[in-house]
Amino acid sequence: MEFNRQLLVDSLQAEYKHQNLPFSLHIFDNVSSTNQTLWQLIDQGEKPGCVVIATQQTAGRGQWGRQWQSPTGGLYLSMAIAPKLEATSSYQLTLATAWGITAQLRKCGIPVGIKWPNDLILDGRKLGGILTETKVNQGQITQAVIGVGINWANQVPETGINLQLWQNSHNSQMFHHLEILTSQVLLGIKSGIECLQVEGINILLSRYLDLLTNMGDQVYVNNFLGTVVGVTQEGNLRLRITTYDSKAAVTPEISVSPGTISLGYRQTPV
Ligand code: BTN
């Protein structure tokens with residue numbers, strides 16, 4: 001499948017009017033991983049705003065060291081950024097990206113939600129995911145690569161959904177072209193990172209929580225039942241646990257890190 005660069009540029013240019021685009025676009029048919037290719041380009045001197053797009057990947061990287069199946073028909077891209085952020089806050093980049101893309105797709109009429117920490121959810125199934133990688137020097141992030149995979153027309157596993165099937169059943173043509181989806185995802189990443197850097201983590205978190213599908217979910221952690229009440233600035237899930245001491249119910253709060261528990265799939269907020 002050919003990727004139409006001009007269609008992507010025109011769609012981005014419609015947003016930036018007469019300004020120069022803040023992206024330098026590198027489009028490939030096939031790479032092992034767009035994140036990996038982007039790190040190579042950064043090593044060769046490419047700057048923040050550099051974007052790698054591929055129509056397929058042979059070794060797509062998922063979260064927690066998993067593989068990301070990447071046949072043609074999916075969207076695979078990575079963007080270089082140079083955020084002013086301490087390494088201990090690196091997860092904020094993932095939260096910001098998840099919020100930015102979700103909000104952007106919702107503006108386009110697709111009712112996407114977020115499943116903690118970084119899954120994009122549609123009709124209760126996984127539409128896409130985000131993998132952020134960073135380089136750190138003396139406790140500060142010097143460079144970051146934000147990788148995004150979205151199911152557009154590719155085959156998906158049972159817990160997944162692709163945008164084309166959803167659009168067919170909802171009479172929507174918004175993302176008839178992969179290039180239009182790509183432009184909206186790039187704008188979404190940019191607006192999410194800008195929100196974090198300009199408005200700060202508290203505002204970003206409150207927007208993220210508005211689109212989080214897991215608020216109020218009940219999950220077991222170490223045999224205790226907890227209710228999801230939020231997300232910390234480090235990206236941990238906040239759970240209110242109900243236990244009983246000898247006299248009354250007590251409800252301490254705990255937080256769990258990304259990757260330590262897995263939440264199920266459910267409907268997106270309307
Ligand atoms: C997840 O596991 O949910 C995150 C998946 C992220 C996949 C994308 S596809 C483009 C970019 N390049 C990669 O190798 N991975 C990310």
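Which residue has a backbone N or O atom 2.7 Å from an oxygen atom of the ligand? In this predicted model, the residue is arginine 61. The close-up views below cover the ligand, the cavity around it and a separate pocket.

**View 1. Polar atoms of the protein around the ligand.**
Arginine 61 places a backbone N or O atom 2.7 Å from a ligand oxygen. Asparagine 35 instead contributes a polar side-chain atom, 3.5 Å from a nitrogen atom of the ligand. The ligand taken alone exposes 410 Å², and the protein buries 98% of that area.

**View 2. The shell of residues around the ligand.**
There are 20 residues around the ligand, and those that come nearest are Ser33, Thr34, Arg61, Gln63 and Lys126. By class, the shell consists of six nonpolar, 11 polar and three charged residues. S6 gives four residues to this shell, the largest share.

The structure has one cavity of 30 Å³ or more. The space in the largest cavity is about 160 Å³. Its lining comprises 19 residues, with Arg61, Leu131, Gly147, Val148 and Gly149 closest to the centre. The ligand sits in this largest cavity. Two or more residues of the shell around the ligand come from each of helix H2 (34–43), strand S3 (75–81), strand S6 (125–137) and strand S7 (140–150).

**View 3. Elements and residue classes in the cavity lining.**
At least two residues of the lining of the largest cavity are supplied by each of H2, S3, S6 and S7. The largest share, four residues, belongs to S6. Sorted by class, the lining of the largest cavity contains six nonpolar, 11 polar and two charged residues.

**View 4. The second largest pocket.**
The volume of the second largest pocket is about 230 Å³. Thirteen residues line this pocket, and Pro48, Ile81, Ala82, Lys190 and Ile193 lie nearest its centre. S3 and helix H5 (178–199) each provide at least two residues of the lining. H5 accounts for the largest share, with four residues. The lining of the second largest pocket divides into nine nonpolar, two polar and two charged residues.

How values were computed: Residues numbered from 1 in each chain as written. Predicted model: local features only at pLDDT ≥ 70, side-chain atom pairs only at ≥ 80, totals over all residues. Heavy atoms only, no water. Near = heavy atom within 4 Å. Polar contact = N/O pair within 3.5 Å; in protein donor to acceptor, adjacent residues only side chain to side chain. Areas by Shrake-Rupley, 256 points an atom, 1.4 Å probe, with all protein chains shown as cover. 1 Å grid on protein atoms, 1.4 Å probe; cavity = no way out; pocket = protein on both sides within 12 Å on 5 of 7 lines; lining within 4 Å. Sits in = over half its atoms within 2 Å of the grid points. Nonpolar A, V, L, I, M, F, W, Y, C, P; charged D, E, K, R; others polar. Points joined across faces, edges and corners; volume = space filled by probe spheres on them.
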